[in-house]
Amino acid sequence: MPTADQGVLLRTVKERSHSIPLPEEIPIKKVQGNDRDLLLKMYGEMLMIRRFEETAAKAYAQGKFGGFCHLYIGQEAVGVGALNALREDDYVVSTYRDHGHALQRGLDPAALLAELLGKKTGIVQGKGGSMHFFSKEKNFMGGHGIVGGHVALASGIGWSIRYNKKDNVCICFFGEGAANIGAFHEGLNLASLWNLPVIFICENNHYSMGTPEYRSLSVADVSIRAVAYDMARDHFSGGDVLDVEQKVKKYVDAARAGEGPALLEISTYRFRGHSMSDPAKYRTKDEVETYKKMDPLRRAYDTLMESGIPEKDLARMESEVSHTLEQAMEFAEKSEAPPPSDLYTDVYAP
Ligand SMILES: Cc1ncc(C[n+]2csc(CCOP(=O)(O)OP(=O)(O)O)c2C)c(N)n1
């Protein structure tokens with residue numbers, strides 16, 4: 001072990017943790033005025049994501065589609081809170097766990113379900129599937145299957161914003177596992193060097209597939225990695241959607257004003273396995289139950305009730321969401337599969 005008097009720094013991490021952190025209980029507080037309106041809107045958006053994911057899970061279990069399918073259930077407050085801090089013309093780039101981010105950017109749930117089912121009416125004509133949602137019109141730049149690879153793409157998007165002298169911002173989502181990939185470090189380095197308007201959001205759900213963070217991260221706090229690149233950083237809980245929106249907005253506004261990128265680590269938890277084929281036996285029932293008690297969707301519901309929103313208004317939102325999804329599923333099921341000749345289209349850019 002090197003020592004300080006030999007002219008090298010001592011290591012600061014003396015003992016590694018052998019457990020993942022459990023969520024802190026945050027008391028429910030009343031909200032009013034604009035905050036209450038925003039929370040109501042964001043509750044509806046989280047509800048749409050939760051029910052969409054349940055619809056996708058059911059269709060998968062019924063064998064209506066196969067391949068990879070990574071659900072966002074439990075993490076909704078991160079995507080919804082963070083993306084409410086953006087303008088409509090801003091950019092988003094995501095991972096294979098992209099359903100929630102895509103819905104939040106306004107991609108049509110019917111086109112997304114059709115994509116899952118591999119139909120021609122899907123958001124990318126049935127050729128991408130669950131991991132590759134994309135929409136040029138909505139500046140939703142994917143859906144990417146290579147862990148961490150898209151972090152460098154986000155810096156490329158940031159560069160194009162600066163080059164074109166626009167005042168947009170790009171949010172890039174990834175998991176803590178991606179923070180160990182080379183492209184993450186390359187992306188952060190260039191974003192800071194060139195002062196790019198990119199907010200890197202690490203959705204730390206504490207597991208990379210079945211590997212807990214204490215077996216993959218040399219330093220448990222991912223946000224500290226920003227220090228190496230002279231970048232703004234923050235680390236907070238993703239349990240309260242309003243809190244996430246307010247915190248992320250600060251960094252988005254700063255990036256838009258030319259103050260450069262930030263690395264934000266937002267703690268969260270996925271209630272399901274890594275993907276539909278993962279029974280998640282590496283987690284204890286107690287751990288899962290502890291996190292479920294802090295369900296961000298339930299928290300938003302309870303806060304709204306506490307803040308005087310009538311129960312019937314929330315029930316109406318629930319039935320509107322189910323109606324939209326029923327129609328979306330019907331559309332997806334009735335749609336045609338792409339013809340075999342589609343194998344030869346979209347291979348090269350025109
Ligand atoms: C470069 C690369 N290596 C390995 C994989 C296989 N893989 C898919 S998801 C995943 C775990 C990533 O975990 P994390 O980044 O924490 O995101 P989470 O799934 O928890 O959202 C791995 C190893 C991959 N897709 N790409």
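1. A polar contact is a pair of N or O atoms within 3.5 Å. The model is a predicted one, and the values below are computed from it.

2. Two further pairs belong with this one. A polar atom in the side chain of Glu-176 lies 3.3 Å from an oxygen atom of the ligand. Gly-145 takes part through its backbone: an N or O atom there lies 2.9 Å from a nitrogen atom of the ligand.

3. How many residues surround the ligand? There are 14. The closest are Tyr-96, Arg-97, Gly-145, Gly-177 and Tyr-207.

4. Turning to the helices, α5 (residues 149–163) packs with α6 (residues 182–193) at an angle of about 15 degrees, and their axes are 7 Å apart. Angles under 35 degrees count as roughly parallel, so α5 is roughly parallel to α6. Their crossing is left-handed.

5. Which residues make the contact of these two helices? On α5 they are Gly-149, Val-151, Ala-152 and Ser-155, and on α6 they are Ala-183, Phe-184, Gly-187, Leu-188 and Ala-191. By class, six are nonpolar, three are polar and none is charged.

6. Helix α2 (residues 76–83) and helix α7 (residues 241–256) have axes 7 Å apart and an angle of about 40 degrees between them. The two are therefore oblique to each other. The crossing of α2 and α7 is right-handed. From α2, the contact uses Ala-77, Val-78, Val-80, Gly-81 and Ala-82; from α7, Val-241, Val-244, Glu-245 and Val-248. Seven of the contact residues are nonpolar, one is polar and one is charged.

7. The packing of α1 (residues 33–61) with α10 (residues 311–334) also has an angle of about 40 degrees, with the axes 10 Å apart. Helices α1 and α10 are therefore oblique, and they cross in a right-handed sense.

8. The contact of α1 with α10 draws on residues along both helices. Helix α1 supplies Leu-40, Tyr-43, Gly-44, Leu-47, Met-48, Arg-51, Phe-52, Thr-55 and Ala-59. Helix α10 supplies Leu-314, Met-317, Glu-318, Val-321, Thr-324, Leu-325 and Met-329. How do these residues divide by class? Eleven are nonpolar, three are polar and two are charged.

Methods: Residues are numbered from 1 along each chain as its sequence is written. This is a predicted model: local features need pLDDT of at least 70, side-chain atom pairs count only at pLDDT 80 or more; totals for chains, interfaces and linings use all residues. Side-chain values use heavy atoms; hydrogens and water are left out. Axes are lines fitted to C-alpha atoms, for helices over the stretch in contact, and angles run from 0 to 180 degrees between N-to-C directions. Helices (H or I, at least four residues) and strands (E, at least two) are DSSP runs, numbered from the N terminus. Angles under 35 degrees count as roughly parallel, over 145 as roughly antiparallel, 65 to 115 as roughly perpendicular and the rest as oblique. A crossing is left-handed if the near helix is turned anticlockwise from the far one by less than a right angle, and right-handed if clockwise. Contact means heavy atoms within 4.5 Å. Ala, Val, Leu, Ile, Met, Phe, Trp, Tyr, Cys and Pro count as nonpolar, Asp, Glu, Lys and Arg as charged, and the others, Gly among them, as polar. A residue is near a molecule or strand if one of its heavy atoms lies within 4 Å of it. A polar contact is a pair of N or O atoms within 3.5 Å; within protein, one must be able to donate a hydrogen and the other to accept it, and residues adjacent in sequence count only if both atoms are side-chain atoms.
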